[in-house]
Amino acid sequence: MTDISPSHPATQLGHEKLPPSPGQLARARALKHHGFQIGAAILLSLILVAVFAPFLAPHSPYAQSLPNRLLPPAWEEGGSSTYPLGTDRNGRDYLSRLIYGTRVSITIGLGAATIGLLIGVTLGVLAGYFGGWIDHAVSFVLTAQLALPGLLLAMALVFFIGPSVIVVICIIGVLHWTYFLVVTRSATQHIRSLDFVAAARASGATSRQIIWHEILPNLASKIIVIFTFEVGIAILAEASLSFLGVGIQAPTPSWGLMIAEGKEAMFYRPWLVVLPGIFLFVLVIGANLMGDGVRDITSPGEKS
Amino acid sequence: MLKYVLQRGALALAVAFTVSLAAFLLLNIATDAAYAIAGEEADPDVIERIRVQYGLDRPLMVRYADWLGGVVRGDFGDSYYWRKPVASLVAERVGTTIKLALSALFVTIIIAIPLGALAALNRNTWVDRSALAVAVAAQAVPNFWLGLIMIILFAVMLPLFPVSGDSTWRHFVMPAFVLGASSVPAVMRLMRTGLIEVMESDYIRTARSKGYRGASLLMRHALRNALLPVVSVLAVQLGQKLGGSVTTENVFAISGLGRLALQSILGADIPTVQLLIFLFALVFVAMNLLADILNAALDPRIRIG
Amino acid sequence: MALLEVKDLRVRLPVSSSWLYAVHDVSFRLEPGEALGIVGESGSGKSMTALALMRLVPRGAEVSAARLQMGDDDLLHMPERRFADTVQGARIAMIFQEPMTSLNPVYTIGRQMTEATVRLGRMGQRAARKRAVALLDRVGIPEPEARLSQYPHQLSGGQRQRVMIAMALMLDPKLLIADEPTTALDVTVQAQIMALLADLRSELGMAMILITHDLAVVSQTADRVVVMYGGEIMEAGSAVGVMAAPRHPYTGALLRAIPTIEGPRQRLAAIPGTFEARMAPPTNCVFAPRCAEALEVCTKERPPLQGDEAHWARCVLAKPEHRAAAELKVLPEAGPEVREAPLMIDARGITKTFRLSGGMFRPQRVIRAVDDVTLSVRSGETVALVGESGSGKTTLARVILGLIEPSAGEVLLQGRSIVGMSDTERARLVQPIFQDPYSSLNPRRTVAEIIARPLQLHGVDAKARMLRAREMMEVVRLPTRLLHSYPLHLSGGQRQRVAIARAMINRPELLICDEPTSALDVSVQAQILNLLSDLQSEFGLTTLIITHDMAVVHQLANRVVVLLDGKLVEEGPAERVFTQPQAEYTRTLLNAAPRFDAAAMARAMQA
């Protein structure tokens, strides 16, 4: 009756130890992926900066010093080491403001992306799994959302309701779930068509059980990738809003706002504009590199 | 075919109007227009009078229906802030924004498509990696900041272009670059992925087996297939450029719709904001429809059953 | 002089940071007008050999050979440009496995057929079009003129393959390489295409290399055959000679593993284990790990070539008679009398229609996938549901499984309507096995979790689940250490066993197998078919097997039901349907199935 006897060499094929799980393989790939490591390092450092801001910043970001307005950075003529990166038009230490700015950007980035995730993934899975009128309705809402000029509406709403961090997080979050939806929906549709979902249904699983047990675990890595990208997008969105004056308001140190404030003096004090931009650039690149890295790690061979 | 276009057109209009409804409700809930008109410090009586005078005391849906009726007639209301018909405000500025959007699209095309193609054809070499690095960097740069940096570099340090304004074509070079650059990463990646897929397809293998190689293989067999999805994305991008022009126009002081948008918001001028949102939504869905039609025209699988 | 001479061809492919040795020391000769079959399972290197000849290997692959000669020309060192202009398409043409994707969707048939001819300056545009029309007509495409301006998506799979053949013939090549040209096509179309190729060959005096996994097809079409395994040639000789009296254990084992459509039913002799790709050049016999007759020396040294020019094998053992004489265990006649057994499945008047939205340019279409089919299966029976693509067999299966609701009709399982049953009750009664082993297991769960999931859904606790999972692994003959592996570590055959274990864990009464082995290699197919038949007798299962392969039907079924375009055209005991088919379509199906030419083989054995 046996085609393969236990002593036949064929059954000895393979390793003695347990072969690595997909999770372990991913971790091994992560350790070799430069982009991921750089991105993770950047994000981690900036998060630490945000958390330990009070210990790292030489001054309070709100402390004004009118006699010391518009000082250049320490290495330029006229600069002083008390204010290593110079001061802004109100005499506030730029380095301290930049450091505290990480709190604003990171909080808003993570918060808005989380809201986007919750809305987008929920709608995406429901639309992708159940199809039918739910899908039609969600597609309509999606198209409407895409047609909405997001920045414009965000500007208007934040300004009208009252610019505070919570409002900014919510508004940006609610206007940035489309990417989550689109990817989750098509991935759910694809997974749903695979035989193991049919097998689960044939075993008597309910829709809820199938979504939790079969579909979501297979979506996890895609969702993480999108999340990291959305963090970057949210950070830039807040920066734009604050720059235009319809986001975070003075005196809170938001990098976008700092750039707007520095704009008047930018021809003779370019650092006021350059420095916050560099911080924004580095933070968002960190998030994007991590996103690209996670994508490469969890689905190798799909570089896009 | 006509039936399809009509169906999609109707859907597009429905979407645009839904957007306008959502915007109307949100805007009018978020703020009280009466304060905007009267001024923040005005007396409560004055505010009350203004409310009645402008019909702001009526229920929201009635006011929306009013607005809708106006739109159908071509009357888009008057601006609270400028005390002029909103339509004329828009008409004065729309040309400028269109110029900006088209030049930005041009910039995106001449950078993203060759870059994406080069990356695809030289996969995993330094060419590919540099192209991807450019994409990653461009995605992370705040576009208003890029604008300011360019002004510092190319208008002040090297006086190549004017700092701001919109009178000559020179004024549009930097803004077009900044606005166009923001779409480059997405379009480049799309081109790259699409071309890679095409080059690895079975029908390219068939072409190779007939002796096609190198440039002729690419031009005759691969490019058209790879460009198909890109074309429709570009159409949609054009629609989005209108919304995205807000920051660029403000940085470069270009008197287009984007600048108007900011000014209206700061001035709590709801009718203008409302119209702008509706307009942008309308353009977006129209571009989407255009993309669908282009797709059908270029792809025989859709054109012929 | 030989048309094509290949000596010691080697191909290796870059894989992460090392090399995969896909083809090693492959040598053969091809005379003008001769047909050579290259036979092997997946991973044997057969396709890569052909791609190497045409310089179509993937990027980064390295090709080397001692000799690669076509007539007077050295193909190995020929400059690229000359190769592209004078060899590719012009002297050697190739057709591929997937006709659905091998033609460019945005260009017309006419353009794709004529472009190479015009580019090389052989003919002007008009002359080329005339030739294209003539060739399309020759390959059996109706209304050839009109086709020139049509697009590939407007043609069926079989028609597209005919177009590919016509296109290949445009430049009058001396050699046509056909890489699994019919694998993706229905069996009736398959037969037509193979007949077409045979006709064209004799008419044009064209040589052909046919690459396939199907030994029967090769025996029907090829003059000579080369059997490949693990990138090497195991045996070479005349097609009939090799099939009748194989000299290599692998060839013999393959032959014994194939279900036949005629003759007595025999238990298939499965080849144990699976093929593992090689990451280093071979230092011993590549088949040794799976060879039932392997000796110590087979794992230590390279096997010698034994035999003569006309028929040789790469093996230490050199007893040709040994192979052919191996007896197969004959199975008892198909199943006990089941006329009195209770009805397991009682499906009456099942109809299922689908509405396809037209999109931009087509009106809505209504498709009747299943059209008023009544099917009954008694307890203990094995019924084969036979049909080609579009016959409705898969839809019908899913209706019986309760996964799709029929538009009309009802399904009773053990006398109870499935509509009234709860999902879990139905799950205890009937379970599926699907065709594609690569999509039937959740990639993020371990084997143990996958197998035990049905128990989990029924509320069984973790400890008991693990115990039962272990039991099932033994039932499907998988080593228990695989319980903690993930699907990505398993081969196709192993995955299919896991799927079977999952289906069987709740001891269902009825098993519905939708093409359970069509996605598997021949040797693995035999393992799974044997397993299914053993499980049937051990657990008293009723089985409904859906297949397009009449040989599999012959191997397993008591009764046969034939579907065509959603309608039931024939049904009856297997014996009767095979010997006295009543429906025309059944006769067509039976005739189309490739089979070994018994008479020719008998002659060859005596020679």
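## Chain C

In chain C, 69% of the contacts with a separation of 6 or more are between residues 24 or more positions apart. A contact here means two C-beta atoms, placed from the backbone, within 7 Å. The model is predicted: local features need pLDDT of at least 70, side-chain atom pairs count only at pLDDT 80 or more, and totals for chains, interfaces and linings use all residues. Residues are numbered from 1 along each chain as its sequence is written, while chains are lettered from A and ligands numbered from 1 in the order in which they are written.

Chain C has 21 helices and 23 strands. These are DSSP runs numbered from the N terminus: helices are H or I with at least four residues, strands are E with at least two. The radius of gyration of chain C is 26 Å, close to the 25 Å from the globule rule for 607 residues, so chain C is as compact as a globular protein of that length. That radius is taken over C-alpha atoms, and the rule is 2.2 Å times the number of residues to the power 0.38. Along the principal axes, the C-alpha trace of chain C spans about 75 × 65 × 50 Å. Of its 607 residues, 51% are buried. Buried means 20 or more other C-beta atoms within 10 Å of a residue's own, exposed means 12 or fewer, and partly exposed is in between; the C-beta atoms are placed from the backbone.

## Chain A

Chain A comes to 13 helices and 0 strands. Its pattern along the sequence is α-α-α-α-α-α-α-α-α-α-α-α-α. The radius of gyration of chain A is 25 Å, well over the 19 Å that the globule rule gives for 304 residues, so chain A is more spread out than a compact globule. Its C-alpha atoms fill a box of roughly 95 × 50 × 30 Å along the principal axes.

Buried residues account for 49% of the 304 residues in chain A. Take the contacts in chain A between residues at least 6 apart in sequence: 70% join residues at least 24 apart.

## Interfaces

Between chains A and B, the contact takes 41 residues from chain A and 38 residues from chain B. On the chain A side, the elements giving two or more residues are helix 6, helix 7, helix 11 (207-244), helix 12 (255-263) and helix 13 (271-298). By class, that side has 31 nonpolar, 8 polar and 2 charged residues. Ala, Val, Leu, Ile, Met, Phe, Trp, Tyr, Cys and Pro count as nonpolar; Asp, Glu, Lys and Arg count as charged; the others, Gly among them, count as polar.

Between chains C and B, the contact takes 25 residues from chain C and 23 residues from chain B. Helix 2 (residues 80-87) gives the most to the chain C side, with 3 residues. That side has 13 nonpolar, 8 polar and 4 charged residues.

## Chain B

Helix 1 (residues 2-30) of chain B has 29 residues and should span 42 Å at 1.5 Å a residue; its end C-alpha atoms are 42 Å apart, which agrees. The expected span is 1.5 Å times one less than the number of residues. Buried residues in this helix include B:Ala12, B:Val15, B:Ala16 and B:Phe24. Their cover includes helix 6 (132-147) and helix 7 (150-161) of chain A, together with helix 4 (60-73) and helix 13 (270-298) of chain B.

B:Gln53 is in helix 3 (residues 44-53) of chain B. With 11 C-beta neighbours inside 10 Å, B:Gln53 counts as exposed. B:Gln53 and B:Leu276 are 223 residues apart along the chain, and their C-alpha atoms are separated by 24 Å.

## Nonpolar core

The largest nonpolar core has 363 residues, and A:Ala154 and A:Met155 have the most contacts inside it. Helix 11 of chain A gives the largest share of this core, 17 residues. Such a core is a set of buried Ala, Val, Leu, Ile, Met, Phe, Trp, Tyr and Cys residues joined through C-beta atoms within 7 Å. Leaving out residues up to four places away in sequence, A:Met155 touches A:Leu241, A:Leu244, A:Val246 and B:Ile265.

## Backbone exceptions

Most residues other than glycine have a negative phi, and most peptide bonds are trans. The peptide bond from A:Ala250 to A:Pro251 is cis, with omega near 5 degrees. A:Pro251 lies in the loop between helix 11 and helix 12 of chain A.

C:Arg55 has a positive phi, near 55 degrees. C:Arg55 sits in the loop between helix 1 (46-53) and strand 4 (62-64) of chain C. It is partly exposed, with 19 other C-beta atoms within 10 Å. C:Asp372 also has a positive phi, of about 50 degrees. C:Asp372 is in strand 15 (residues 365-378) of chain C. With 14 C-beta neighbours inside 10 Å, C:Asp372 counts as partly exposed.
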